[in-house]
Amino acid sequence: MKIAALYDIHGNLPALEAVLKDLENVQPDVIVIGGDTVSGPMPTQTLERLQQMGEKVVSIRGNGDREVVSVFDGHPLNLSEEGRQITTWVARQLDRAQRDFLSQLPEQITFHIEGLGDILFCHATPRSDEEIFTPITPQERLNTIFAAIEQQFVVCGHTHMQFERQARNTRILNAGSVGMPYADAPGAYWLLLQPDGYEFRRTVYDLGLAARQVRESSYPQAESFAQENILNIPAASEAMEVFEGMAGKE
């Protein structure tokens, strides 16, 4: 079995299209969508594109998906003003069927790849869809987070940066982000797993065209998304320091 893990698309349809084009050559048996699919400038188009792929695509829920459903249902959320603005806008783009699809997504799934073993896919960590850890998280804390895991591998996302760690007998792989990466160079980041191992991938796409498409949307943060998540992106080194500060407050 060959699995492509696509995490944190965040409504960046041009980035998703580029990765799907790459996958035509890879020919994975399964495409795992690792959550936070719609929270961005093209939410409905992104969902529709993935649904065109049929049963090959298997999705799990991210915290962003959960929050959008809550807002759709009229529940208040403890978010920043910008976070509320974005989540409310995204929720208003969805129809009832799309809301229902997001609401029924599982928090995690497990697949077996001969040669690798059992692989658990979750959004942030196996016990939370918003728990934070990074390449510099202390080993003791990492061991605690993954203490109950029996699978040989855990694939996650949430922090939008590719990296790998080890917690006891479990290898932890962060697939990075298709739509809002934190890395050294712009692009769409994802993970490929197959019997002979795993590979962190980056797909290059037309950033100028993508930025124009985002600016043409009615997304409330369209300009900043185009500038800060497509044309220019935060470095992973900067992001992990911020995330570690957030993790200390959990």
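In the predicted model, Leu6 makes contact with Leu16, Val19, Leu20, Leu23, Ile31, Val32, Ile33, Gly34, Val178 and Trp190, once neighbours within four places in sequence are set aside. Leu6 is also, together with Leu23 and Trp190, one of the residues with the most contacts inside the largest nonpolar core, a set of 41 residues. Helix H1 gives the most to this core, contributing eight residues. Apart from it lies another core, which holds 19 residues, including Leu120, Ile132, Tyr182 and Ala236. In soluble globular proteins, nonpolar side chains tend to be buried together.

Helix H1 spans residues 13-26, and a salt bridge joins two of its residues, Lys21 and Glu24, with the closest N and O atoms 3.5 Å apart. The two residues are three places apart in H1 and are therefore separated by about one helical turn. An α-helix has 3.6 residues a turn, so residues three or four places apart point the same way. Lys21 is exposed, at a relative accessible area of 54%, whereas Glu24 is partly exposed, at 46%.

The count of salt bridges in the model comes to 14. Among the residues involved, Arg61, Arg66, Glu107, Asp129 and Glu130 are linked in a network. Glu107 is partly exposed, with a relative accessibility of 44%, while Arg61 is buried, at 17%.

A further salt bridge of Arg61 is made with Asp129, at an N to O distance of 3.0 Å. This pair links distant parts of the chain, 68 residues apart, since Asp129 lies in the loop between strand E5 (117-122) and helix H6 (139-145) and Arg61 in the loop between E3 and H3. Asp129 is buried, with a relative accessibility of 10%.

Glu67, in helix H3, presents a contrasting case: the residue is buried yet has no salt bridge. The nearest side chain of opposite charge is that of Arg66, at a distance of 4.3 Å, which lies outside the limit of 4 Å that defines a salt bridge. Beyond four places in sequence, Glu67 is in contact with Leu77, Leu79, Thr87 and Glu130.

In helix H5, the buried residues are Gln98, Arg99 and Leu102. Viewed down the helix axis, these residues fall within an arc of 100°, so they line one face of H5. The buried residues of H5 pack against helix H2 (43-51), helix H3 and helix H4 (81-93). At the start of H5, a side-chain oxygen of Asp95 comes to within 3.2 Å of the backbone nitrogen of Ala97.

Two residues other than glycine were found to have a positive phi and are described here in turn. Asp8 has a phi of about 50° and is placed in the loop between strand E1 (3-6) and H1. The relative accessibility of Asp8 is 0%, and the residue therefore counts as buried. For His160, phi is about 65°, and the residue is situated in the loop between strand E6 (153-156) and strand E7 (162-167). His160 is likewise buried, with a relative accessible area of 6%.

Gly197 belongs to strand E10, which covers residues 197-203. At 15% relative accessibility, Gly197 is buried. Residues up to four places away in sequence being excluded, Gly197 touches Leu116 and Leu192. Gly197 and Arg168 are 29 residues apart in sequence, and their C-alpha atoms are 19 Å apart in space.

Note on methods. Residues are numbered from 1 along each chain as its sequence is written. This is a predicted model: local features need pLDDT of at least 70, side-chain atom pairs count only at pLDDT 80 or more; totals for chains, interfaces and linings use all residues. Side-chain values use heavy atoms; hydrogens and water are left out. Helices (H or I, at least four residues) and strands (E, at least two) are DSSP runs, numbered from the N terminus. Buried means under 20% relative accessible area, exposed over 50%, partly exposed in between (1.4 Å probe, protein chains only). The arc is that of the directions from the helix axis to the C-beta atoms. Contact means heavy atoms within 4.5 Å. A polar contact is a pair of N or O atoms within 3.5 Å; within protein, one must be able to donate a hydrogen and the other to accept it, and residues adjacent in sequence count only if both atoms are side-chain atoms. A nonpolar core is a set of buried Ala, Val, Leu, Ile, Met, Phe, Trp, Tyr and Cys residues joined through side-chain atoms within 4.5 Å. Lys and Arg count as positive and Asp and Glu as negative; His and the chain ends are not counted.
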